[in-house]
Each structure stands twice: as structure tokens, then as C-alpha cells.
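I opened the notebook for a look at the fold. My entries follow the structure shown below.

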Amino acid sequence: MAQKQLQVNLISKPENILKTVYTACRTCYSAKLPIEVYEEAPDDEKMLSLIKRVISSGHFSTIEHIQLSFAISNVSRACTHQLVRHRHVSFSQKSQRYVKEKGEFDYIIPKTIENNPELKEKFENYILKTSELYQDFVNAGIPAEDARAILPNAAASSLVASLNLRELIHIANLRLCTRAQLEIRLMIKAMCDEVIKAEPWLAEYLVPKCQRLGYCDEDKSCGRLKTKEELLKERI
């Protein structure tokens with residue numbers, strides 16, 4: 001097998017995201033029953049006007065009703081180890097315990113290594129030797145759950161991930177930052193692009209946090225925007 005390319009697909013979402021979020025927002029400020037709010041919903045422009053006001057006020061519970069599921073393939077175990085640190089996300093991942101690798105296992109090369117021909121060759125030689133050793137263990141009767149001990153973080157994996165819209169926005173705000181590792185940044189960008197294709201109005205929320213805040217609050221800034229401290233000094 002060989003180096004694989006990232007694949008992300010949005011496989012499940014509510015039938016009417018905009019109307020559902022609107023209903024949650026309006027119900028908080030209406031004497032009407034939620035179903036009445038839903039059935040009497042106005043046009044998209046008016047729904048968006050209310051939704052944006054509510055979200056800008058920090059009332060994020062209204063977007064937690066939107067559950068999204070993604071099929072994600074060809075990401076490294078290193079990437080999935082980062083992803084599972086996020087809260088309020090459900091994961092079902094390809095098991096290295098029950099799924100035996102056959103021949104040379106699929107892998108992901110970090111771009112910094114891939115861009116260096118000499119190091120890339122060493123990397124691929126290491127993968128090949130590891131694959132051969134893994135097969136030796138399996139052929140000798142070692143269970144896959146024990147043979148997997150030698151598989152590297154570069155081993156490719158696949159998973160289904162489900163989360164609500166509030167958490168996706170939170171993850172996007174963190175992982176689209178240029179200081180995030182490139183692989184997970186590209187994966188989250190692909191997830192956001194899938195959602196934006198279906199719901200263009202969400203584009204302004206699925207961005208790095210500095211774009212929403214108007215400044216950088218990281219300890220070390222990439223320089224894209226000024227830090228909060230720099231802005232405060234300018235106003236003094």
C-alpha cells in the first residue's frame with residue numbers, strides 16, 4: 001500500500017438546519033409553541049437576521065441542536081489522536097486490533113518530510129521495514145492487537161465523527177489557526193467546506209478564532225493579526 005490522500009464527506013445532517021436553529025432562537029423569545037414557530041418561520045433573510053443576533057450575543061445553545069456526521073478517510077493516527085481530545089464528539093474508528101494490515105500498510109507523510117527527498121526516502125524505507133516486521137509477527141501467530149504495537153503514528157486510519165454545530169465551530173476556531181499542525185488543519189478545513197457547501201451562511205463562523213475575535217489570543221502569534229496586548233497598547 002502507499003501514501004494516501006485525505007477524504008472527508010458530510011454523510012448526515014438535519015434536513016433544515018437554518019429553520020431548526022431559527023426555531024431554537026425564536027422559541028426563547030416567543031409565547032408561541034416551538035412547533036408554531038417552526039411552521040410559521042419567515043423567509044431565509046429574516047431567519048438569518050435573528051440567528052446572527054442571537055449567536056453574536058453568545059447564546060450558543062441554539063446551535064447545539066444541529067448534529068453533523070462525517071466520514072473521514074486517510075488521516076494519520078497522529079491526527080486522530082489530536083481530534084479525540086475535543087469534547088462532545090462521538091467517534092467510531094477503524095480498529096488496529098480487529099483489522100489486520102496486509103502487505104505495506106497505508107500511511108501519511110508529514111509535508112515537512114515529504115518536501116525533503118532524502119528524508120522522504122528514509123521515511124518510506126522505515127515504513128517498508130515496519131510493514132515487513134508486522135507481517136512477520138502476524139504470520140507467526142501474534143494477534144493483530146499485539147502486532148499493532150510497532151505501527152507508527154503515520155499509519156493511515158479512517159473514522160466516522162459526529163458532533164453538534166457549536167462544537168464544530170469551536171474546533172474550527174482552534175484548528176484552522178496556522179499554528180495548528182497542517183494535517184489536522186486540512187482535515188478540519190475539509191469538514192468545514194462540506195458544511196459550507198450545504199449551508200453557505202455558516203462560512204463566517206467556520207474560521208480561525210482570530211478572524212472572529214479581530215485579534216490573536218495565542219501565546220505565540222503567527223502575525224496574521226495583532227495580539228490583544230498590542231491592540232490595548234495602541235489605545236493607551
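I counted a contact as heavy atoms within 4.5 Å. Among contacts between residues at least 6 apart in sequence, 74% join residues at least 24 apart.

I noted the source. This is a predicted model, in which local features need pLDDT of at least 70, side-chain atom pairs count only at pLDDT 80 or more, and totals for chains, interfaces and linings use all residues. Residues are numbered from 1 along each chain as its sequence is written, and side-chain values use heavy atoms, with hydrogens and water left out.

I looked up the overall dimensions. The radius of gyration, taken over C-alpha atoms, is 22 Å, while a compact globule of 236 residues would have one near 18 Å. That globule rule is 2.2 Å times the number of residues to the power 0.38. The C-alpha atoms fill a box of roughly 70 × 50 × 25 Å along the principal axes.

I checked burial next. Buried residues (under 20% relative accessible area, 1.4 Å probe, protein chains only) make up 39% of the 236 residues.

I then turned to the backbone. The protein has 11 helices and four strands, read as DSSP runs numbered from the N terminus (helices H or I, at least four residues; strands E, at least two). Asn74 sits in strand E2 (residues 67–76). Asn74 has a positive phi of about 65 degrees, yet is not a glycine. His88, also not a glycine, has a positive phi of about 60 degrees. His88 lies in the loop between helix H4 (77–83) and strand E3 (89–93). His88 is exposed (over 50%), at a relative accessible area of 63%.
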